[in-house]
Amino acid sequence: MNNQARNYFALALVALLALPGLVQAAALKIGYVNTVKVIEQAPQAKTALERLEKEFAPRDKKLVEKRERIKIIETELEKNSLVLNDAERRNKERELLGLKRDVRRATQEFREDYNLRRNEELAALQKLVYKTIVDLAKKKKFDLILHEGTVYASEQIDITDQVLESLRSKFAQ
């Protein structure tokens, strides 16, 4: 065999050996999940939001009551500013400033606490969604699941609705 024939033979051999790998690569089962849609539409998200609202409703109610009290005092000061003596007016103004300071502080604490709890709930939901996707991928024998950062995914590989259905069935149990 001359060198040229050996090169063709080696090239053909390499192609034949690579062919099963190419065929196997072509048979990959790939899926895509729109995780934003899953998190927005999962029944567990609605429940988490209801839990947060229930937990923070009493504090929110107190803040609303304090704001109403501020409006009442401001209205009284406006109406009675000419009738009140200096000491009474100063006391009302001091009370008003103190209430405003309390409301600002309480509002800031409320927001911080709410955001912290919301982040905790979101992290738990994300963990559940991740586990659901992995379980579904293993059950349906997917080789690769893509999510965020995907430019395009056809409807053929989009398993978002399957993930949502799995979450709904978990929720129903």
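The model is a predicted one, and its salt bridges come to a count of 14. Among them is the pair E55 and R117, whose closest N and O atoms are 3.0 Å apart; because E55 lies in helix 3 and R117 in helix 4, this pair ties together parts that are 62 residues apart in sequence. R117 also forms a salt bridge with E121, and these two residues, four apart in helix 4, are separated by about one helical turn. R51, E55, R117, E120 and E121 are linked in a network of salt bridges.

| Salt bridge | N to O distance |
|---|---|
| E55 and R117 | 3.0 Å |
| E121 and R117 | 2.8 Å |

Q44, which belongs to helix 3, is buried with a relative accessible area of 14%, and a polar atom of its side chain lies 2.9 Å from the backbone oxygen of L167.

On the surface, K29, K139, K140 and K141 gather in a patch of positive charge; K141 sits in the loop between helix 4 and strand 2 and is exposed, at 65% relative accessibility. A nonpolar surface patch is formed by L28, I30, L144 and L146, with about 290 Å² of accessible area together. Of these residues, L146 is found in strand 2 and is partly exposed, with a relative accessible area of 32%.

Note on methods
Residues numbered from 1 in each chain as written. Predicted model: local features only at pLDDT ≥ 70, side-chain atom pairs only at ≥ 80, totals over all residues. Heavy atoms only, no water. Patch = residues over 30% accessible without salt bridge, like charges linked within 9 Å, V, L, I, M, F, W, Y side chains within 5 Å. Areas by Shrake-Rupley, 256 points an atom, 1.4 Å probe, with all protein chains shown as cover. Salt bridge = Lys/Arg side-chain N within 4 Å of Asp/Glu carboxyl O. Lys, Arg positive; Asp, Glu negative; His and termini not counted. Charge placed at Lys NZ, Arg CZ, Asp CG, Glu CD. Buried < 20%, exposed > 50% of the residue type's maximum accessible area, 1.4 Å probe, protein only. Polar contact = N/O pair within 3.5 Å; in protein donor to acceptor, adjacent residues only side chain to side chain.
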